[in-house]
Every structure is written in structure tokens, then in C-alpha cells.
Amino acid sequence: MLKIMELEKQQKQLSDWQIILNKFKEFTGEEPQIDGILFLIGVQELGMGYRKFKKDEKLSVMHIAICTLLEPYGFYEFAGRDEDGWPHWNKQENIPFLESKQQNKLMTEAIIDYFKKEGWLQGLS
């Protein structure tokens, strides 16, 4: 019974992930990549609207997304915003070494959870 419940959960996550990918493809006109989704989440969480970012700022925007996504897992804790309005986190726990496939799975689950929490997934189907 537990195995069946786990399979159902995986299928639901897959369909949620596919909904997200489809909506991003519709929005951008391109096949979505996790990096692109992370960048857009980072821009959203930065809260300053979209603008041209310098290379180092793009990395910071990606970091915002990663910290936001991994905060519920206990890896980061929001510390506040600096005088320029950029958010900062404190590392709570080291992220364990993960193989590429495991990293992808963690980020996929975190992105799905983010869209659910923000209430956006319901509107994406």
C-alpha cells in the first residue's frame, strides 16, 4: 500500500512539473530549463521587476531563488534585506552531496512546492 501511495505521489509531482514546464514554454516560447525557471523565481522574489542584470547580479538572482526554494527544507533562513532591497539568508545546514539526478529531483520538488505555496500552480493547469 505504501508503494502505491509513493507511486501516486510521483505521478502527481510529474504532472505538476509538466504543467509548470508547459506554462513556461507558453510564456517564453522556448523549452524551459531549470536555470531559467530559477532565474524567474529569483526575479520574482527580488521584487524589483524585470530589468537587465549584470552577470554577477544574475548569479545573485539565481542564489535568491535557490535560497527561497531550499528554505523550507531547513538549509537556509531568511535574514532580511539590505539597504538596496536585496534579500539575504543565513545558511542553517550544509546541503549534502547529491548526484546530478538527485539534485534535479530536489530542485524539481522544491519548484513544485514553491508554485503550490504561492498559489500559482492551481492557475497553471
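Reader: What does the secondary structure of the protein come to?

Author: Four helices and two strands. Keep in mind that this is a predicted model.

Reader: Which pattern does the protein follow along the sequence?

Author: It reads α-α-α-β-β-α.

Reader: How many of the residues count as buried?

Author: Of the protein's 125 residues, 34% are buried.

Reader: And the accessible surface of the protein, what does that come to?

Author: About 8,700 Å². Carbon and sulfur atoms account for 53% of that surface.

Reader: Now the core. Which residues touch the most other members of the largest nonpolar core?

Author: Ile20, Ile37, Ile111 and Phe115 do, in a core of 32 residues. The elements giving two or more residues to this core are α1 (2–28), α2 (34–46), α3 (55–70) and α4 (100–117).

Reader: Take Phe115. What is Phe115 in contact with, leaving aside neighbours within four places in sequence?

Author: Ile20, Phe24, Ile37, Ile41, Trp120 and Leu121. Two of those names, Ile20 and Ile37, are also in the group with the most core contacts.

Reader: Switching to packing. At what angle do the axes of α2 and α3 cross?

Author: At roughly 85°, and the axes come within 7 Å. So α2 is roughly perpendicular to α3.

Reader: Which residues make that contact?

Author: From α2: Asp35, Leu38, Phe39, Ile41, Gly42, Val43, Glu45 and Leu46. From α3: Lys58, Val61, Met62, Ile64, Ala65, Ile66, Thr68 and Leu69.

Reader: How does the contact of α2 with α3 split by class?

Author: There are 11 nonpolar, two polar and three charged residues.

Reader: Val43 is on that list. Is Val43 buried or exposed?

Author: Buried. Val43 has a relative accessible area of 9%, which is under the 20% cut-off. Val43 sits in helix α2.

Reader: What does Val43 contact, beyond its neighbours within four places?

Author: Met48, Gly49, Tyr50, Phe53 and Val61.

Reader: How far apart in space are Val43 and Ile64?

Author: 8.2 Å, C-alpha to C-alpha. In sequence, Val43 and Ile64 are 21 residues apart.

Reader: On to the other helix pair. How do the axes of α3 and α4 cross?

Author: At roughly 80°, coming within 9 Å. That makes α3 roughly perpendicular to α4. The residues of this contact divide into eight nonpolar, one polar and no charged.

Reader: Which residues meet there?

Author: Ile66, Thr68, Leu69 and Leu70 in α3 meet Leu106, Met107, Ala110, Ile111 and Tyr114 in α4.

Reader: Thr68 again. Buried or exposed?

Author: Thr68 is buried, at 12% relative accessible area. Thr68 belongs to helix α3.

Reader: Which residues does Thr68 touch, leaving aside those within four places in sequence?

Author: Glu45, Trp89 and Tyr114. Glu45 is on the α2 side of the contact with α3, and Tyr114 is on the α4 side of the contact with α3.

Reader: What about Thr108, buried or exposed?

Author: Thr108 counts as buried, at 14% relative accessibility. Thr108 lies in helix α4. Not counting residues up to four places away, Thr108 touches Trp17 and Ile34.

Reader: Last one. Among contacts between residues at least 6 apart in sequence, how many join residues at least 24 apart?

Author: 47% of them do.

Conventions:
Residues numbered from 1 in each chain as written. Predicted model: local features only at pLDDT ≥ 70, side-chain atom pairs only at ≥ 80, totals over all residues. Heavy atoms only, no water. Core = buried A, V, L, I, M, F, W, Y, C linked by side-chain atoms within 4.5 Å. Buried < 20%, exposed > 50% of the residue type's maximum accessible area, 1.4 Å probe, protein only. Contact = heavy atoms within 4.5 Å. Axes fitted to C-alpha atoms, helices over the stretch in contact; angles between N-to-C directions. Parallel < 35°, antiparallel > 145°, perpendicular 65-115°, else oblique. Nonpolar A, V, L, I, M, F, W, Y, C, P; charged D, E, K, R; others polar. Areas by Shrake-Rupley, 256 points an atom, 1.4 Å probe, with all protein chains shown as cover.
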